[in-house]
Amino acid sequence: MDQPSTQAFLLAALTAGGGVTGYARTGSVPSIAAGVTVGLLYGLGGLRQRNRQPYGLELALLASVLLAGSSIPRAIKTQKPLPMGLSVIAAFGLYRFGTLWRAQM
């Protein structure tokens, strides 16, 4: 679990699965669109990292920025568990992939 590609795949599964679950429970099209999009970015980033291709970390970091940008303001405003959980996932991704990206510079 220490490899960044494995972590990116885990975050991809969590976000895409969450989007699908949100759609199944409430019929929310934005939930499935956002969840699957962020999940695809995490998954593509993990795949590129695993294959030692360029821009893997950057894609995973972009997914974290998008997720943080949408979930953190909602978590602050609503104080509900789901946005707070998404904010924790985003913060983990920002820290992990941001630290690795900065070390490459």
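1. A crossing is left-handed if the near helix is turned anticlockwise from the far one by less than a right angle, and right-handed if clockwise. That is the term to have in hand for H1 and H4, whose crossing is left-handed. Helices here are DSSP runs (H or I, at least four residues; strands are E, at least two), numbered from the N terminus.

2. Before you read on: this is a predicted model, with pLDDT of at least 70 needed for local features and 80 or more for side-chain atom pairs, while totals for chains, interfaces and linings use all residues. Numbering starts from 1 along each chain as its sequence is written, and side-chain values use heavy atoms, leaving out hydrogens and water.

3. Start with H1 and H2. Helix H1 covers residues 4-26 and helix H2 residues 29-50, and the two pack with axes 7 Å apart at an angle of about 165°. (Axes are lines fitted to C-alpha atoms, for helices over the stretch in contact; angles run from 0 to 180 degrees between N-to-C directions.) H1 and H2 are therefore roughly antiparallel (over 145 degrees; under 35 is roughly parallel, 65 to 115 roughly perpendicular, the rest oblique). The crossing of H1 past H2 is left-handed. Sorted by class, the residues in this H1 contact with H2 are 14 nonpolar, 11 polar and one charged. (Ala, Val, Leu, Ile, Met, Phe, Trp, Tyr, Cys and Pro are nonpolar; Asp, Glu, Lys and Arg charged; the others, Gly among them, polar.)

4. Now back to H1 and H4. Their axes come within 11 Å and cross at roughly 155°. H1 and H4 are therefore roughly antiparallel to each other, and, as said in the opening point, the H1 and H4 crossing is left-handed.

5. H3 goes past H4 in a left-handed crossing. In the contact of H3 with H4 you will find 17 nonpolar residues, seven polar ones and two charged ones.

6. The largest pocket has a volume of about 590 Å³. (A pocket, on a 1 Å grid over the protein atoms alone, is an open set of points with protein on both sides within 12 Å along at least five of seven lines; in a cavity a 1.4 Å probe fits but cannot get out; lining residues have an atom within 4 Å of a point. Volume is the space filled by probe spheres on the points, joined across faces, edges and corners.)

7. What lies nearest the centre of the largest pocket? Of its 22 lining residues, those are Gly 18, Gly 19, Ser 31, Leu 82 and Leu 86. Two or more lining residues come from each of H1, H2, helix H3 (56-78) and helix H4 (81-104). H1 gives the most to this lining, with eight residues. By class, the lining of the largest pocket splits into 10 nonpolar, 10 polar and two charged residues.

8. The second largest pocket holds about 160 Å³ of space. Its lining includes Pro 4, Arg 48, Arg 52, Tyr 55, Gly 56 and Gln 104. H2, H3 and H4 each give two or more residues to that lining, and the largest share, three residues, comes from H3. The class count for the second largest pocket's lining is five nonpolar, four polar and three charged residues.

9. Arg 52, one of the residues lining the second largest pocket, lies in the loop between H2 and H3 and has a phi near 55°, a positive value in a residue other than glycine. Arg 52 counts as exposed, at 74% relative accessibility (exposed is over 50% relative accessible area, buried under 20%, partly exposed in between; 1.4 Å probe, protein chains only). Gln 79, in the loop between H3 and H4, has a phi near 60°, also positive in a residue other than glycine. Gln 79 is exposed too, at 54% relative accessibility.

10. Is Gly 56 buried or exposed? Gly 56, in helix H3, is buried, with 3% relative accessible area. Gly 56 and Ser 5 are 51 residues apart in sequence, yet 8.5 Å apart in space, C-alpha to C-alpha. Ile 76 also has its place in H3, but with 61% relative accessibility Ile 76 counts as exposed.
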